[in-house]
Amino acid sequence: MVTVIDNIRVSVIGLDALSWGYLDKLIDKGCIPEIKSIIGKGFKYVLECFPPTTPPSWSSILTGVNPGKHGIFAFDYVDPETLEQKLYTAMDLEHPRIHEMLSMLSIKSIMINPIPGYPVVPISKSIIISHTILIPKPQCYPKSKEKYANMLAEVVRRKHGETCFETLEYHLKYVSVLREIVEKLACEEPWNFFSIILPIPDVILHKCEHDFLKETVPLEAKLFAEVDRLVKTLSQISDTVVLVSDHGFSYYRKLIRINDILAREGILETISKHGFEGALKEYKEVKAEFSGKHVSVDETFVDKFRSKAFYISKWNLGVYVRDPKVIPKVLKILNNVNGISWAKLRENVFWGPHVRKAPHIIVRPMFEKGFVQGDNKIKGVIYEEGLFKDHSPEGVFAVKTGNVKLLDNIKIPNYLVTPLIMSLMEAPLSNVSDGLNVLQKLFIEEKPKITFKNYIAKWRILKKLASKIGYR
Ligand SMILES: [Zn+2]
């Protein structure tokens with residue numbers, strides 16, 4: 001018997017790459033009054049996100065388990081048999097996400113932009129609208145809700161330009177339409193759980209040149225005012241409101257070139273001929289090829305077939321080892337590099353039945369000391385100095401809820417988000433949830449009565465069905 005309070009409403013707003021620093025700037029600017037009020041009244045956390053990469057971090061946030069249990073470690077991976085480079089999809093996800101678990105409990109859920117976004121996994125009691133940059137046409141489930149996906153398709157078709165201004169302009173339209181969709185869905189459909197993930201501020205921070213921690217350009221303020229209105233639409237009809245991001249964004253002074261380090265030690269071989277099938281592609285190139293674009297780069301590549309080990313790609317943070325004999329040497333070399341906090345065997349970083357899908361060695365740069373990893377090409381230098389901006393491992397998590405008192409102003413891991421929300425909803429947690437010790441400590445007064453359920457068996461069946469439907 002499942003006992004769930006099904007007259008409460010929880011909404012979750014995800015903002016990709018939002019950091020506390022950037023959020024504080026927007027609050028000071030006065031353009032996000034509703035978010036300011038939620039933050040003011042809510043419990044606040046620094047969310048520890050490692051790796052600080054969009055697909056694994058959102059997967060940890062949404063499933064409540066670490067990558068060793070959900071199976072997504074980066075944007076891309078190397079097939080161990082063929083060395084072919086592939087992108088992770090929802091079919092690689094080994095644990096259901098919160099909207100899918102709640103649907104399994106017959107709790108009505110609406111999810112806009114789940115991650116991974118493709119393919120959409122159909123599940124009854126859910127409405128799903130999904131748009132990812134990889135699949136140009138927004139997807140939806142059930143088909144009867146196609147009008148919402150079509151509204152989004154109108155904007156997406158226009159595509160955003162290259163400049164900061166064009167990116168901001170495009171996303172202002174994108175968020176406005178999403179706000180319209182949210183308003184309609186939230187009023188017209190029954191729901192207890194509503195979640196939406198927005199690709200901002202990530203795209204803006206990557207594209208715009210102004211000092212994002214200090215300055216605000218007018219269109220940026222306008223865009224976040226629109227985000228604030230979207231948040232208000234949901235917050236005024238919800239009992240619990242959650243704001244969460246998958247990582248932060250920061251400035252760095254030094255790029256560490258991991259494959260250059262391995263090349264110098266004779267662990268990897270290079271290749272300069274473009275188009276050779278053994279050339280290691282950077283994630284951006286894999287993504288472009290997937291979308292049917294051709295990218296030609298005149299750089300020195302890693303030779304996948306002749307190397308003993310290589311760092312896979314930017315934001316993978318993993319070294320793929322072809323010859324296990326070099327593992328101790330690679331660990332020793334990387335652990336002696338100034339700017340690397342640690343290099344560890346995957347088994348010492350992640351835990352669970354899918355750790356074997358991770359790269360053999362995981363590397364963590366000293367982000368807090370201004371170091372960040374470079375791309376996977378060979379440039380003949382180990383460090384590049386300058387001013388770089390990129391993801392950081394500290395995200396935002398804020399919860400505004402009823403009478404519950406939580407311990408806050410601490411750092412908690414990203415996989416704790418879903419168990420916390422599900423405990424507040426009194427829904428049974430996944431029997432493989434991570435971070436339960438910390439979860440207990442968060443409840444200061446009355447401890448929640450935590451029950452557990454196995455959601456994975458049904459998830460496997462759902463994935464099989466989804467792969468047969470072949471949404472596209
Ligand atoms: Zn992200």
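Visitor: In which sense do β15 and β16 pair, and over how many bridges?
Guide: Strands of a sheet pair through backbone hydrogen bonds, either parallel or antiparallel. Here β15 and β16 (residues 361-365) are paired in the antiparallel sense, over five bridges. Two strands count as paired if DSSP finds at least two bridges between them. Element names refer to DSSP runs numbered from the N terminus: helices are H or I with at least four residues, strands are E with at least two.

Visitor: What am I looking at, and how are residues counted?
Guide: This is a predicted model, in which local features need pLDDT of at least 70 and side-chain atom pairs count only at pLDDT 80 or more, while totals for chains, interfaces and linings use all residues. Residue numbers start from 1 along each chain, as its sequence is written.

Visitor: In what order do the strands of that sheet stand?
Guide: The sheet is open, with four strands in the order β13-β14-β16-β15 and antiparallel pairing. The edges are β13 (309-311) and β15 (340-345); each has a single partner strand, so one side of each has no neighbour in the sheet. From one strand to the next the twist averages 20°. Angles run from 0 to 180 degrees between N-to-C directions, and axes are lines fitted to C-alpha atoms, for helices over the stretch in contact.

Visitor: Which helix packs on this sheet?
Guide: Helix α12 (residues 327-335) does, touching β13, β14 (318-321), β15 and β16. The direction of α12 makes about 165° with that of β15. Contact has a cut-off: C-beta atoms, placed from the backbone, within 7 Å.

Visitor: Now β1. How many of its residues are buried?
Guide: In a regular strand the side chains alternate between the two faces of the sheet. For β1 (residues 10-15), six of six residues are buried. V10, V12 and G14 point one way, S11, I13 and L15 the other way, and all are buried. A residue is buried if 20 or more other C-beta atoms lie within 10 Å of its own, exposed if 12 or fewer, and partly exposed in between, with C-beta atoms placed from the backbone.

Visitor: Which residue stands opposite G14, and which opposite S11?
Guide: G14 faces V244 in β9, and S11 faces F194 in β8. β1 and β9 (residues 240-244) run parallel and are joined by five bridges. The pairing of β1 with β8 (residues 193-198) is also parallel, over six bridges.

Visitor: At what angle do the axes of α6 and α7 cross?
Guide: Two packed helices are described by the angle between their axes and the distance between the axes. The axes of α6 and α7 (residues 164-188) come within 10 Å and cross at roughly 175°. That makes α6 roughly antiparallel to α7. The classes are: under 35 degrees roughly parallel, over 145 roughly antiparallel, 65 to 115 roughly perpendicular, and the rest oblique.

Visitor: Which residues in α6 and α7 meet?
Guide: From α6, Y148, M151, L152, V155 and R158 meet Y170, K173, Y174, V177, E180, I181 and L185 in α7. The contact divides into nine nonpolar, no polar and three charged residues. Nonpolar means Ala, Val, Leu, Ile, Met, Phe, Trp, Tyr, Cys or Pro; charged means Asp, Glu, Lys or Arg; the others, Gly among them, are polar.

Visitor: Which backbone angles deserve a check?
Guide: Two peptide bonds to proline are listed here. The bond from F50 to P51 is cis, with omega near -5°, and P51 is in the loop between β2 (43-48) and α3 (54-63). Y141 and P142 are also joined by a cis bond, with omega about -10°; P142 is in the loop between β7 (135-141) and α6 (146-158).

Visitor: Where is L83, and what is its phi?
Guide: L83 is in the loop between β3 and β4. Its phi is positive, about 65°, although L83 is not a glycine. L83 counts as partly exposed because it has 16 C-beta neighbours inside 10 Å.

Visitor: How far apart are the centres of domain 1 and domain 2?
Guide: The domain bounds, from an automatic or database assignment, are 10-247 + 393-469 for domain 1 and 252-390 for domain 2. Their centres, taken over C-alpha atoms, are separated by 28 Å. The contact takes 21 residues from domain 1 and 27 residues from domain 2.

Note on methods
Two residues are in contact if their C-beta atoms, placed from the backbone, lie within 7 Å.
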